[in-house]
There are 2 protein chains.
Amino acid sequence: MTAAKRQLRFGAFFSVPGCHPTGWRHPDAICETDLDFRLLADMARTAERGLLDCMFFQDSVAIPGSTAVYGAKPFRIKNGRQAHIEPMSAIAALAAITKHIGLVSTCTTSYNEPYNVARRFLTIDHISGGRAGWNLVTSQAEDEAVNFGRDQHFDHGIRYDRASEFHDVVIGLWDSWEDDAFLRDKKSGQWFDYDKMHILRHKGKHFTVRGPLNVARSPQGRPVVAQAGSSDIGMELAARTADMVFTAQTTIKEGQDFCNDMRSRIEKYGRGPEDIRIFPGIMPIVGRTESEAQEKYEELRGMVDDSVGIAGVARLAGGVDIFACDPDGPLPPLKPSNAARARQEMIIAMGKRGMTIRQIGRVLAMSQAHRVLYGTPKQLADDMQAWLEAGACDGFNLLFAHYPKPLEEWVTMVIPELQRRGIFRTQYEGRTFRENLGVPIPKNVHTTNRTTVQVNAAASND
Amino acid sequence: MTAAKRQLRFGAFFSVPGCHPTGWRHPDAICETDLDFRLLADMARTAERGLLDCMFFQDSVAIPGSTAVYGAKPFRIKNGRQAHIEPMSAIAALAAITKHIGLVSTCTTSYNEPYNVARRFLTIDHISGGRAGWNLVTSQAEDEAVNFGRDQHFDHGIRYDRASEFHDVVIGLWDSWEDDAFLRDKKSGQWFDYDKMHILRHKGKHFTVRGPLNVARSPQGRPVVAQAGSSDIGMELAARTADMVFTAQTTIKEGQDFCNDMRSRIEKYGRGPEDIRIFPGIMPIVGRTESEAQEKYEELRGMVDDSVGIAGVARLAGGVDIFACDPDGPLPPLKPSNAARARQEMIIAMGKRGMTIRQIGRVLAMSQAHRVLYGTPKQLADDMQAWLEAGACDGFNLLFAHYPKPLEEWVTMVIPELQRRGIFRTQYEGRTFRENLGVPIPKNVHTTNRTTVQVNAAASND
């Protein structure tokens, strides 16, 4: 008997109407995925047929680039990622028409209340029977701040401090009720067991939240928490709190370094390597032959609109006016960015390698700075298998250039090749997202405490 | 040819696991409707089969009675309306599995941000194809305040002032995009028409919100806005802003007075009687015979737990310790309540009529102080027809004592009787909630302005 091979896992990263900003112009693209739920529902069924781990929805709480600071009219007009369906509502609706796939929505800690966020994810977890995931982010853009009564965005450090406390409040609220708290006993009239209700009484720097939450505990212990922070402070938060990490890594070496870095960070929080799943992003382009794949790649690369790319560089420039620079000249020294800090470091590194503003913009724009992977199903499988076997990932988050065809091709062409190699599931392992992801189902913290400190358990109630 | 008869309309008011606080103990009750989405989905299908206008979900952002002020342990334990599914997520999920019925969720203006609320309802409106409704409320209980960083609840006046501004911001954001703003033109690369994007730039007393909203305009013009405020200030807000009003009225005279009052208030806002639909609440109890209905009524009345009723009185006492009073004695003078003000006035009136605390508590508890209507289908139809013809209502919001049987009885026994009389639809009138409700589909305010002030339209953009 041979040991079971390590398995790949996949998220489908949804940035409707496509992860390529102008991929929606492709002849195969169906554009209305930004808004038409029936198209999302069809894609959910496709992804579930392909046994993908999850649909993973991007979000922001603004029209990107709508403030004067970053705004360039053509960017706004040509980039399809503008107005779109609100993803927490979308995953709630998708929960009703799917059975197996995990459903992850981004939700910012910068402009929400933890009680509301805790409730919604836990509710979606119940609707889906344990398949909800929260991509915990801090908002990155001034565009968002101005929709929430602020002139300026929170500073990067404060934003993460707030995110960290926000997370702890949400986790605390999710454990408000023990698993068997609700008796619904018609005979005695006891709806719930009072001793199994726990009041949080959180008083922190950013939040004061009493609790208890008014939703019963999760069918999978807790909704999955995903994170994508790649700055030092972001990685530390992920190490302490995330079940799933989404990251941009372009070589096996980078992937290994990132995984090792993350695994070395998690130990101090009493967590082990099996507690966290790391998903680098890739934009996959599949062809039946190598030359077909190459052509498809070049077609999509040629579709990148430079104005979108340059606006992307401008967004990370920390206020330096990129539009006033020669696009075919070098990247000027940037000011410290209060937006995505790790992204800024990445473009500075590209500049040091001699890339022009236009060239950096194209890389940023085409695949949101993730690796573009094109080839035959066999070539793609070889590449991903190498990453898996080198310990450079646990799976990949897939950034399809447009919808729905590249997703369909993934499911019909690439998945079977991986299954033949024994490195991808042939059926879902369990009923819940955590079971499929292979991360632990956490116990209610009060249940654990009760076992050890019986006497103090009651004291946590009124 | 005779003129078409006025038609009744119905909402099913969902306060899971039953509008009667201990109705879940009834032998017919299925208790898990608080949490099990499949049961809600079944009820949605039943309601849609019965051609009901909408499912209307109650909400609060706390475990009711969980703070020391109102808390009475038995109340918390016996009343089933505690932890439950978050209704905005529930209606998003129901949107995916229904085709015709309106889907209304309560959402508080006290502890949310207008940008987030505007986005979610508009998204659900898109998912459902124009069937979303927002029951705009102000939070009523200290229980809620403590979950959102406050020691005390907002004062009644401030709460309504905030609600009014919150509404205006949401409405403004809903009109961020004209109906034909999104071109998705592959050839030109224009995703949207820049001149059809409108930036709100709201700066008010409670909120500063720039916009634009990142969701396209509603398929029904705007999601329906429902309200239930019955205080003077609450009625004024409804008169200015509501499409649908939910109210507690117990006699035809009261219903007529309320409708006349509301209609006289709406005129000054440039609105007419057809712009608003008024739904008193009723708890219906249907029997095949009069005596069966009477027995069912008495069974449910006998199930009211006095501790729940008295706790309900305590909640409206403005801090007077009702638990220290003789339950069979008179209602003491109450302090001004910062909770539901109109409700407090109602119980003071009951006290003046000589009812004891226990008696008042029973009325409050059994049906949330709405009218209990029991009888045969014919008797119920007679009663409702009399209200309709007297101009005392446009329809009723139905508070079923428990689920799902009373809803099923309504659909199979009462609806056919109303249809025979020609006072209830035999099919849905339109595709959207507004069309079925018979209220206007509002035009985008910027479209209207453009027709008259062509020159200024561009000035509203950056």
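**Questions on a predicted two-chain model**

Biologist: How does H11(A) pass H12(A), in a left-handed or right-handed crossing?

Modeller: Helices are DSSP runs of H or I with at least four residues, strands are runs of E with at least two, and both are numbered from the N terminus. A crossing is left-handed if the near helix is turned anticlockwise from the far one by less than a right angle, and right-handed if clockwise. The crossing of H11(A) and H12(A) is right-handed.

Biologist: What pLDDT do side-chain atom pairs need to count?

Modeller: Residues are numbered from 1 along each chain as its sequence is written, chains are lettered from A and ligands numbered from 1 in the order written, and side-chain values use heavy atoms, leaving out hydrogens and water. The model is predicted: totals for chains, interfaces and linings use all residues, local features need pLDDT of at least 70, and side-chain atom pairs count only at pLDDT 80 or more.

Biologist: Why is H11(A) called oblique to H12(A)?

Modeller: Axes are lines fitted to C-alpha atoms, for helices over the stretch in contact, with angles from 0 to 180 degrees between N-to-C directions. Under 35 degrees is roughly parallel, over 145 roughly antiparallel, 65 to 115 roughly perpendicular, and the rest oblique. H11(A) (residues 341–352) and H12(A) (residues 357–367) have axes 10 Å apart and an angle of about 140 degrees. That makes the pair oblique.

Biologist: Which residues of H12(A) meet H11(A)?

Modeller: Contact means heavy atoms within 4.5 Å. From H11(A) come Met346(A), Ile347(A), Met350(A) and Gly351(A), and they meet Ile360(A), Val363(A) and Leu364(A).

Biologist: How many residues in the contact of H11(A) with H12(A) are nonpolar?

Modeller: Ala, Val, Leu, Ile, Met, Phe, Trp, Tyr, Cys and Pro count as nonpolar, Asp, Glu, Lys and Arg as charged, and the others, Gly among them, as polar. This contact has no charged residues and one polar residue; the nonpolar count is six.

Biologist: Which residues of H10(B) are buried?

Modeller: Buried means under 20% relative accessible area, exposed over 50%, and partly exposed in between, with a 1.4 Å probe and protein chains only. Seven of the ten residues of H10(B) (residues 306–315) are buried, so the helix is largely enclosed by the rest of the structure. They are Asp306(B), Val308(B), Gly309(B), Ile310(B), Ala311(B), Val313(B) and Ala314(B).

Biologist: Which residue's backbone oxygen does the side chain of Arg9(A) reach?

Modeller: Arg9(A) sits in the segment before strand S1 (10–14) of chain A. With a relative accessible area of 12%, Arg9(A) is buried. Beyond four places in sequence, its contacts include Asp53(A), Asp394(A) and Phe424(A). At 3.1 Å, its side chain reaches the backbone oxygen of Asn436(A).

Biologist: How far apart in space are Tyr297(A) and Gly375(A), C-alpha to C-alpha?

Modeller: Tyr297(A) belongs to H9 (residues 290–302) of chain A, and at 14% relative accessibility it is buried. It touches Ile285(A), Met366(A), Val372(A) and Tyr374(A), not counting residues up to four places away. Gly375(A) is 78 residues away in sequence, yet in space the C-alpha distance is 8.9 Å.

Biologist: What is the phi of Ala369(A)?

Modeller: Most residues other than glycine have a negative phi. Ala369(A) lies in the loop between H12 and strand S12 (371–375) of chain A, and at 4% relative accessibility it is buried. Its phi is positive, near 70 degrees.

Biologist: What is omega for the peptide bond from Tyr403(A) to Pro404(A)?

Modeller: Most peptide bonds are trans. Pro404(A) is in the loop between strand S13 (396–398) and H14 (405–420) of chain A. The bond from Tyr403(A) to Pro404(A) is cis, with omega near -5 degrees.

Conventions:
Polar contact = N/O pair within 3.5 Å; in protein donor to acceptor, adjacent residues only side chain to side chain.
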